[in-house]
Amino acid sequence: MLRAGSVPALFEATRGWGLIDHNLVAGDIEGRIGHRVRALVPRRPRENGWFAVPGWTGEGEWEGYLPHEAMPEVIDPEDGIIVTANNRVVADGEPYLCTDCHPPYRAARIVELLRSLPRFRVDDAAAVHADVLSRNAALFQGRLRGLSVPANAAAASLREKLLGWDGRMDAGSAAAGHYNALRRAMTDILARRSGLAGMTAHPWAAVPPGVSPTGNLWWALPTLLRNDDTGMLDGWSWDDVLRSALEAAAAAPASPWGEEHRPAFRHPLSALFPDAAPLLDPPSMPLGGDGDTVMAVGLAPAAGPTATYGSLCRYVMDVGDWEESRWAVFHGASGHPGGPHYCDQATEWAACRMVPICLVVRPPWQLQR
(Lines give C-alpha, C1' and ligand atoms only; values in the text may rest on other atoms or scores of the structure.)
Protein backbone atom coordinates (compact mmCIF):
# COMPACT_ATOMS: atom_id res chain seq x y z
CA MET A 1 0.00 0.00 0.00
CA LEU A 2 2.83 2.41 0.80
CA ARG A 3 4.32 1.88 -2.67
CA ALA A 4 1.05 2.33 -4.58
CA GLY A 5 1.18 5.19 -7.09
CA SER A 6 -2.52 5.50 -7.91
CA VAL A 7 -5.95 4.86 -6.46
CA PRO A 8 -6.48 1.62 -8.45
CA ALA A 9 -3.03 0.36 -7.40
CA LEU A 10 -3.81 1.13 -3.76
CA PHE A 11 -7.07 -0.79 -3.89
CA GLU A 12 -5.40 -3.74 -5.60
CA ALA A 13 -2.86 -3.81 -2.78
CA THR A 14 -5.65 -4.53 -0.30
CA ARG A 15 -6.41 -7.89 -1.95
CA GLY A 16 -6.42 -10.47 0.83
CA TRP A 17 -6.59 -7.90 3.61
CA GLY A 18 -7.88 -9.83 6.59
CA LEU A 19 -8.72 -7.34 9.33
CA ILE A 20 -12.17 -6.02 10.16
CA ASP A 21 -13.90 -4.06 7.44
CA HIS A 22 -12.82 -0.49 6.84
CA ASN A 23 -13.83 2.27 4.47
CA LEU A 24 -10.73 3.13 2.46
CA VAL A 25 -11.08 6.53 0.79
CA ALA A 26 -8.20 7.65 -1.41
CA GLY A 27 -7.01 10.27 -3.85
CA ASP A 28 -3.90 10.52 -6.03
CA ILE A 29 -1.88 13.32 -7.62
CA GLU A 30 -3.50 12.62 -11.00
CA GLY A 31 -6.82 13.79 -9.54
CA ARG A 32 -8.49 10.41 -9.21
CA ILE A 33 -10.58 9.57 -6.14
CA GLY A 34 -11.99 6.29 -4.93
CA HIS A 35 -13.68 4.36 -2.15
CA ARG A 36 -13.44 0.67 -1.29
CA VAL A 37 -14.68 -1.46 1.59
CA ARG A 38 -11.62 -3.59 2.38
CA ALA A 39 -11.80 -6.79 4.41
CA LEU A 40 -12.27 -10.52 4.25
CA VAL A 41 -16.04 -10.84 4.65
CA PRO A 42 -17.70 -14.26 4.89
CA ARG A 43 -20.39 -15.19 2.39
CA ARG A 44 -23.26 -16.00 4.76
CA PRO A 45 -27.05 -16.08 4.90
CA ARG A 46 -28.75 -12.86 5.94
CA GLU A 47 -30.17 -14.63 9.02
CA ASN A 48 -26.64 -14.68 10.46
CA GLY A 49 -26.89 -10.96 10.97
CA TRP A 50 -30.18 -11.00 12.85
CA PHE A 51 -30.46 -14.19 14.87
CA ALA A 52 -28.50 -17.00 16.43
CA VAL A 53 -28.61 -19.86 13.93
CA PRO A 54 -28.40 -23.60 14.72
CA GLY A 55 -24.82 -24.76 14.43
CA TRP A 56 -25.67 -28.45 14.17
CA THR A 57 -27.76 -28.38 10.97
CA GLY A 58 -25.40 -26.65 8.54
CA GLU A 59 -28.10 -24.22 7.43
CA GLY A 60 -26.26 -21.19 8.69
CA GLU A 61 -22.75 -22.15 7.58
CA TRP A 62 -20.46 -19.68 5.87
CA GLU A 63 -19.79 -20.38 2.21
CA GLY A 64 -16.24 -19.14 1.94
CA TYR A 65 -15.44 -15.46 1.61
CA LEU A 66 -16.62 -12.76 -0.73
CA PRO A 67 -14.06 -12.35 -3.52
CA HIS A 68 -12.04 -9.16 -3.75
CA GLU A 69 -13.96 -8.16 -6.88
CA ALA A 70 -17.33 -8.39 -5.09
CA MET A 71 -16.51 -5.87 -2.38
CA PRO A 72 -18.00 -2.38 -2.81
CA GLU A 73 -15.72 -0.07 -4.79
CA VAL A 74 -16.10 3.14 -6.74
CA ILE A 75 -13.45 5.14 -8.59
CA ASP A 76 -14.08 8.62 -10.03
CA PRO A 77 -17.86 8.83 -9.48
CA GLU A 78 -19.74 11.01 -11.94
CA ASP A 79 -20.50 13.83 -9.50
CA GLY A 80 -16.91 13.94 -8.22
CA ILE A 81 -17.89 13.41 -4.59
CA ILE A 82 -17.36 10.47 -2.24
CA VAL A 83 -18.97 10.51 1.20
CA THR A 84 -18.84 7.84 3.87
CA ALA A 85 -19.91 8.40 7.47
CA ASN A 86 -20.41 4.86 8.82
CA ASN A 87 -23.60 4.73 6.75
CA ARG A 88 -24.68 1.92 4.43
CA VAL A 89 -22.60 2.34 1.27
CA VAL A 90 -24.36 -0.27 -0.88
CA ALA A 91 -28.01 -1.12 -1.41
CA ASP A 92 -29.48 -3.61 1.00
CA GLY A 93 -29.03 -6.50 -1.40
CA GLU A 94 -26.08 -8.59 -2.55
CA PRO A 95 -23.48 -8.96 -1.35
CA TYR A 96 -24.79 -9.09 2.20
CA LEU A 97 -22.29 -7.24 4.41
CA CYS A 98 -24.02 -6.29 7.65
CA THR A 99 -27.24 -5.15 9.29
CA ASP A 100 -25.90 -2.55 11.70
CA CYS A 101 -24.99 0.60 9.78
CA HIS A 102 -25.17 4.14 11.09
CA PRO A 103 -28.27 6.08 9.97
CA PRO A 104 -27.77 8.19 6.83
CA TYR A 105 -28.28 11.61 8.43
CA ARG A 106 -24.61 12.58 8.72
CA ALA A 107 -23.73 11.36 5.23
CA ALA A 108 -26.70 13.22 3.69
CA ARG A 109 -25.68 16.44 5.44
CA ILE A 110 -22.08 16.11 4.22
CA VAL A 111 -23.29 15.66 0.63
CA GLU A 112 -25.45 18.77 1.04
CA LEU A 113 -22.50 20.81 2.29
CA LEU A 114 -20.13 19.62 -0.43
CA ARG A 115 -22.60 20.37 -3.21
CA SER A 116 -23.08 23.90 -1.87
CA LEU A 117 -19.38 24.70 -2.38
CA PRO A 118 -18.41 25.73 -5.92
CA ARG A 119 -14.74 25.27 -5.01
CA PHE A 120 -13.32 23.22 -2.19
CA ARG A 121 -10.36 24.24 -0.04
CA VAL A 122 -8.72 23.00 3.14
CA ASP A 123 -10.63 25.53 5.23
CA ASP A 124 -13.90 24.27 3.73
CA ALA A 125 -13.07 20.71 4.75
CA ALA A 126 -12.36 21.81 8.31
CA ALA A 127 -15.72 23.61 8.41
CA VAL A 128 -17.53 20.45 7.26
CA HIS A 129 -16.02 18.56 10.21
CA ALA A 130 -17.44 21.21 12.56
CA ASP A 131 -21.02 21.21 11.26
CA VAL A 132 -23.55 20.70 14.07
CA LEU A 133 -26.88 20.98 12.25
CA SER A 134 -29.17 18.09 13.22
CA ARG A 135 -31.26 16.89 10.29
CA ASN A 136 -33.40 14.97 12.79
CA ALA A 137 -34.34 18.09 14.71
CA ALA A 138 -36.72 19.20 11.93
CA LEU A 139 -38.58 15.88 12.22
CA PHE A 140 -39.26 16.40 15.93
CA GLN A 141 -40.15 20.06 15.38
CA GLY A 142 -42.66 19.07 12.70
CA ARG A 143 -44.42 16.74 15.12
CA LEU A 144 -44.39 19.40 17.84
CA ARG A 145 -45.85 21.95 15.44
CA GLY A 146 -48.84 19.70 14.79
CA LEU A 147 -49.35 19.06 18.51
CA SER A 148 -52.05 21.00 20.34
CA VAL A 149 -50.72 23.37 22.97
CA PRO A 150 -50.13 21.36 26.18
CA ALA A 151 -52.17 22.30 29.24
CA ASN A 152 -49.02 22.18 31.35
CA ALA A 153 -47.55 25.71 31.21
CA ALA A 154 -43.92 24.58 31.41
CA ALA A 155 -44.44 22.01 28.66
CA ALA A 156 -46.17 24.62 26.46
CA SER A 157 -43.27 27.04 26.99
CA LEU A 158 -40.72 24.36 26.08
CA ARG A 159 -42.66 23.52 22.92
CA GLU A 160 -42.42 27.16 21.81
CA LYS A 161 -38.68 27.27 22.55
CA LEU A 162 -38.05 24.17 20.48
CA LEU A 163 -40.17 25.44 17.58
CA GLY A 164 -38.07 28.61 17.50
CA TRP A 165 -34.75 26.75 17.61
CA ASP A 166 -32.48 26.61 14.55
CA GLY A 167 -31.76 22.88 14.94
CA ARG A 168 -28.05 23.34 15.60
CA MET A 169 -26.39 21.37 18.41
CA ASP A 170 -24.12 24.27 19.34
CA ALA A 171 -22.24 24.01 22.64
CA GLY A 172 -23.74 27.31 23.81
CA SER A 173 -27.33 26.49 22.88
CA ALA A 174 -29.81 25.89 25.69
CA ALA A 175 -32.45 24.79 23.16
CA ALA A 176 -30.13 22.00 21.96
CA GLY A 177 -30.07 20.69 25.53
CA HIS A 178 -33.88 20.86 25.69
CA TYR A 179 -34.13 18.91 22.44
CA ASN A 180 -31.83 16.21 23.78
CA ALA A 181 -33.85 16.02 27.01
CA LEU A 182 -37.06 15.66 24.98
CA ARG A 183 -35.64 12.87 22.83
CA ARG A 184 -34.27 11.00 25.86
CA ALA A 185 -37.66 11.30 27.59
CA MET A 186 -39.40 9.95 24.48
CA THR A 187 -36.92 7.06 24.34
CA ASP A 188 -37.60 6.24 28.01
CA ILE A 189 -41.35 6.21 27.36
CA LEU A 190 -40.85 3.97 24.31
CA ALA A 191 -38.73 1.58 26.40
CA ARG A 192 -41.40 1.39 29.12
CA ARG A 193 -44.42 1.12 26.81
CA SER A 194 -42.75 -1.56 24.70
CA GLY A 195 -41.70 -3.61 27.71
CA LEU A 196 -38.04 -3.51 26.66
CA ALA A 197 -36.96 -1.45 29.67
CA GLY A 198 -36.77 -4.63 31.75
CA MET A 199 -34.03 -5.98 29.49
CA THR A 200 -31.54 -3.50 30.95
CA ALA A 201 -31.36 -5.68 34.08
CA HIS A 202 -30.18 -8.69 32.09
CA PRO A 203 -26.50 -9.62 32.60
CA TRP A 204 -25.85 -9.23 28.87
CA ALA A 205 -26.65 -5.55 29.19
CA ALA A 206 -24.12 -5.16 32.02
CA VAL A 207 -21.05 -6.32 30.06
CA PRO A 208 -19.39 -3.29 28.45
CA PRO A 209 -20.41 -2.04 26.00
CA GLY A 210 -23.50 -4.18 26.64
CA VAL A 211 -26.62 -4.68 24.56
CA SER A 212 -28.64 -1.61 25.42
CA PRO A 213 -32.33 -1.69 24.50
CA THR A 214 -32.48 2.02 25.32
CA GLY A 215 -29.65 2.77 22.92
CA ASN A 216 -31.26 0.76 20.12
CA LEU A 217 -34.60 2.47 20.69
CA TRP A 218 -32.85 5.86 20.65
CA TRP A 219 -31.69 5.16 17.09
CA ALA A 220 -35.03 3.65 16.04
CA LEU A 221 -37.12 6.53 17.42
CA PRO A 222 -36.85 8.91 14.40
CA THR A 223 -37.97 6.21 11.95
CA LEU A 224 -40.87 5.16 14.17
CA LEU A 225 -41.91 8.79 14.53
CA ARG A 226 -41.53 9.51 10.82
CA ASN A 227 -43.67 6.49 9.90
CA ASP A 228 -46.18 7.15 12.70
CA ASP A 229 -45.51 3.56 13.80
CA THR A 230 -47.25 3.08 17.16
CA GLY A 231 -46.86 -0.70 17.30
CA MET A 232 -44.57 -0.51 20.36
CA LEU A 233 -46.56 2.11 22.30
CA ASP A 234 -49.15 -0.21 23.89
CA GLY A 235 -52.15 1.88 22.92
CA TRP A 236 -50.57 5.33 23.05
CA SER A 237 -50.23 7.71 20.11
CA TRP A 238 -47.09 9.71 19.39
CA ASP A 239 -48.96 12.82 20.51
CA ASP A 240 -49.41 11.14 23.90
CA VAL A 241 -45.69 10.42 23.99
CA LEU A 242 -44.80 13.99 23.03
CA ARG A 243 -47.02 15.53 25.72
CA SER A 244 -45.61 13.31 28.45
CA ALA A 245 -42.04 13.82 27.25
CA LEU A 246 -42.47 17.60 27.09
CA GLU A 247 -43.51 17.65 30.74
CA ALA A 248 -40.54 15.51 31.74
CA ALA A 249 -38.05 17.57 29.70
CA ALA A 250 -39.49 20.87 30.98
CA ALA A 251 -38.89 19.73 34.56
CA ALA A 252 -35.23 18.94 33.88
CA PRO A 253 -32.54 21.54 34.76
CA ALA A 254 -31.61 23.77 31.83
CA SER A 255 -28.05 24.72 30.92
CA PRO A 256 -26.04 25.23 27.71
CA TRP A 257 -25.78 22.03 25.70
CA GLY A 258 -21.98 21.99 25.82
CA GLU A 259 -21.98 21.91 29.62
CA GLU A 260 -24.51 19.07 29.76
CA HIS A 261 -22.56 17.27 27.04
CA ARG A 262 -19.16 17.78 28.69
CA PRO A 263 -17.41 14.38 28.89
CA ALA A 264 -15.60 12.96 31.92
CA PHE A 265 -12.06 11.85 31.05
CA ARG A 266 -10.41 9.44 33.45
CA HIS A 267 -6.99 7.88 32.94
CA PRO A 268 -7.00 4.16 33.86
CA LEU A 269 -4.39 4.82 36.57
CA SER A 270 -6.12 7.78 38.21
CA ALA A 271 -8.07 5.64 40.67
CA LEU A 272 -4.89 3.85 41.76
CA PHE A 273 -2.84 7.04 42.06
CA PRO A 274 -5.30 9.80 43.03
CA ASP A 275 -2.53 12.27 43.80
CA ALA A 276 -1.42 12.04 40.19
CA ALA A 277 -4.95 12.35 38.78
CA PRO A 278 -4.58 16.06 37.90
CA LEU A 279 -1.62 15.14 35.72
CA LEU A 280 -3.10 11.94 34.30
CA ASP A 281 -6.65 13.06 33.53
CA PRO A 282 -6.90 15.12 30.34
CA PRO A 283 -8.95 18.33 30.50
CA SER A 284 -12.67 18.10 29.84
CA MET A 285 -14.31 20.90 27.86
CA PRO A 286 -17.85 21.71 26.67
CA LEU A 287 -18.69 19.89 23.44
CA GLY A 288 -21.29 20.55 20.77
CA GLY A 289 -22.69 18.09 18.27
CA ASP A 290 -24.35 14.73 18.86
CA GLY A 291 -24.61 11.35 17.18
CA ASP A 292 -26.69 12.72 14.27
CA THR A 293 -24.46 15.66 13.35
CA VAL A 294 -21.37 15.71 11.15
CA MET A 295 -19.44 16.68 14.28
CA ALA A 296 -20.18 13.29 15.79
CA VAL A 297 -20.02 13.46 19.56
CA GLY A 298 -22.56 10.93 20.76
CA LEU A 299 -23.95 9.74 24.05
CA ALA A 300 -25.49 6.74 25.79
CA PRO A 301 -29.10 7.90 26.30
CA ALA A 302 -29.67 5.77 29.40
CA ALA A 303 -26.72 7.50 31.09
CA GLY A 304 -27.82 11.07 30.32
CA PRO A 305 -26.47 13.79 28.04
CA THR A 306 -22.76 13.30 28.85
CA ALA A 307 -20.66 12.71 25.73
CA THR A 308 -19.37 9.14 25.56
CA TYR A 309 -17.88 8.80 22.08
CA GLY A 310 -16.54 10.95 19.26
CA SER A 311 -13.93 11.25 16.55
CA LEU A 312 -10.48 10.29 17.80
CA CYS A 313 -8.82 12.29 15.02
CA ARG A 314 -9.97 14.66 12.34
CA TYR A 315 -7.93 15.06 9.18
CA VAL A 316 -7.85 17.18 6.07
CA MET A 317 -5.31 15.84 3.57
CA ASP A 318 -4.37 18.06 0.60
CA VAL A 319 -3.03 15.54 -1.89
CA GLY A 320 -1.78 18.30 -4.19
CA ASP A 321 0.05 20.16 -1.43
CA TRP A 322 0.86 17.95 1.56
CA GLU A 323 2.21 20.88 3.59
CA GLU A 324 -1.33 22.31 3.72
CA SER A 325 -2.74 19.20 5.42
CA ARG A 326 -4.24 19.68 8.87
CA TRP A 327 -5.47 17.58 11.75
CA ALA A 328 -6.61 17.52 15.35
CA VAL A 329 -6.08 14.54 17.60
CA PHE A 330 -7.97 13.75 20.78
CA HIS A 331 -6.07 15.63 23.56
CA GLY A 332 -2.62 15.47 21.95
CA ALA A 333 -0.16 13.39 19.97
CA SER A 334 1.74 12.07 23.00
CA GLY A 335 0.63 9.48 25.54
CA HIS A 336 3.19 10.71 28.09
CA PRO A 337 1.37 12.51 30.97
CA GLY A 338 3.11 15.77 31.69
CA GLY A 339 4.78 15.83 28.28
CA PRO A 340 4.37 18.96 26.14
CA HIS A 341 2.14 17.17 23.61
CA TYR A 342 -0.05 15.20 26.04
CA CYS A 343 -2.93 17.71 25.94
CA ASP A 344 -1.75 20.44 23.61
CA GLN A 345 -4.54 19.82 21.07
CA ALA A 346 -7.38 19.44 23.58
CA THR A 347 -8.75 22.94 23.03
CA GLU A 348 -8.58 22.66 19.25
CA TRP A 349 -10.18 19.21 19.24
CA ALA A 350 -13.03 20.29 21.53
CA ALA A 351 -13.77 23.31 19.32
CA CYS A 352 -13.46 21.17 16.15
CA ARG A 353 -10.60 23.26 14.85
CA MET A 354 -7.44 21.92 13.20
CA VAL A 355 -3.73 22.63 13.25
CA PRO A 356 -1.10 22.09 10.54
CA ILE A 357 0.36 18.60 10.36
CA CYS A 358 4.08 18.85 11.08
CA LEU A 359 6.03 16.72 8.62
CA VAL A 360 9.06 15.27 10.38
CA VAL A 361 12.26 15.00 8.34
CA ARG A 362 14.48 12.18 9.63
CA PRO A 363 18.25 12.63 9.93
CA PRO A 364 20.25 10.98 7.13
CA TRP A 365 21.62 8.26 9.42
CA GLN A 366 18.07 7.15 10.28
CA LEU A 367 17.09 7.08 6.61
CA GLN A 368 20.07 4.83 5.86
CA ARG A 369 18.86 2.30 8.38
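Two strands are taken to pair if DSSP finds at least two bridges between them. In this predicted model, strand β7 (residues 326–329) and β8 meet that criterion with 2 bridges, and the two run antiparallel. Within this pairing, Arg-326 has Pro-356 of β8 as its bridge partner, and Trp-327 stands opposite Val-355 of the β8 strand.

On the β6 side, β7 is joined to β6 by 4 bridges, again in the antiparallel sense. Val-316 is bridged to Arg-326 of β7, while Cys-313 stands opposite Val-329 in β7. Taken together, the 3 strands form an open antiparallel sheet in the order β6-β7-β8. The edge positions are held by β6 (313–316) and β8 (355–356); each has a single partner strand, so one side of each has no neighbour in the sheet. Helix α3 (residues 122–129) packs on this sheet and touches β6 and β7. The direction of α3 makes about 155 degrees with that of β6.

The side chains of β6 alternate along the strand.

Strand β2 (residues 33–38) pairs with β3 in the antiparallel sense over 3 bridges; in β3, Ile-75 is the bridge partner of Gly-34.

Ring contacts were examined next. With ring centres required to lie within 6.5 Å, the count comes to 6 aromatic pairs. One of the aromatic pairs is formed by Phe-265 and Phe-330, which are arranged edge-to-face, with 5.2 Å centre to centre and 80 degrees between the planes. Phe-265 lies in the loop between α9 (257–260) and α10 (277–280), and Phe-330 lies in the loop between β7 and α11 (346–350), so the pair ties together parts that are 65 residues apart in sequence. Phe-265 is buried, at a relative accessible area of 15%, whereas Phe-330 counts as partly exposed at 26% relative accessibility.

Tyr-315 and Trp-327 form another aromatic pair, in this case tilted, with 6.0 Å centre to centre and 35 degrees between the planes. This pair links distant parts of the chain: Tyr-315 is in strand β6 and Trp-327 is in strand β7, 12 residues apart. Tyr-315 is partly exposed, with a relative accessible area of 42%. Trp-327, by contrast, has 19% relative accessibility and counts as buried; the cut-off for this class is under 20%. Elsewhere, ring pairs link Phe-140, Trp-165 and Tyr-179 into a cluster.

Two arginine residues were found over tryptophan rings. Arg-38 lies over the face of Trp-17, at 4.4 Å from the ring centre. Arg-183 lies over the face of Trp-218, at 4.1 Å from the ring centre.

Arg-183 also takes part in a polar contact of 2.7 Å, made between the side chains of Arg-183 and Asp-292. Asp-292 is located in the loop between α10 and β4 (297–299) and counts as buried, at 3% relative accessibility. A polar contact of 3.0 Å joins the side chain of Asp-292 to that of Asn-136. With residues up to four places away in sequence not counted, Asp-292 touches Tyr-105, Arg-106, Ser-134, Asn-136, Tyr-179, Arg-183 and Trp-219. Among these contacts of Asp-292 is Tyr-179, which is also a member of the ring cluster with Phe-140 and Trp-165. Arg-183, likewise touched by Asp-292, is the residue placed over the face of Trp-218.

Notes:
Residues numbered from 1 in each chain as written. Predicted model: local features only at pLDDT ≥ 70, side-chain atom pairs only at ≥ 80, totals over all residues. Heavy atoms only, no water. Contact = heavy atoms within 4.5 Å. Axes fitted to C-alpha atoms, helices over the stretch in contact; angles between N-to-C directions. Phe/Tyr/Trp six-rings, centres within 6.5 Å; stacked < 30°, edge-to-face > 60°. Buried < 20%, exposed > 50% of the residue type's maximum accessible area, 1.4 Å probe, protein only. Lys NZ or Arg CZ within 6 Å of the ring centre and 35° of its normal. Polar contact = N/O pair within 3.5 Å; in protein donor to acceptor, adjacent residues only side chain to side chain.
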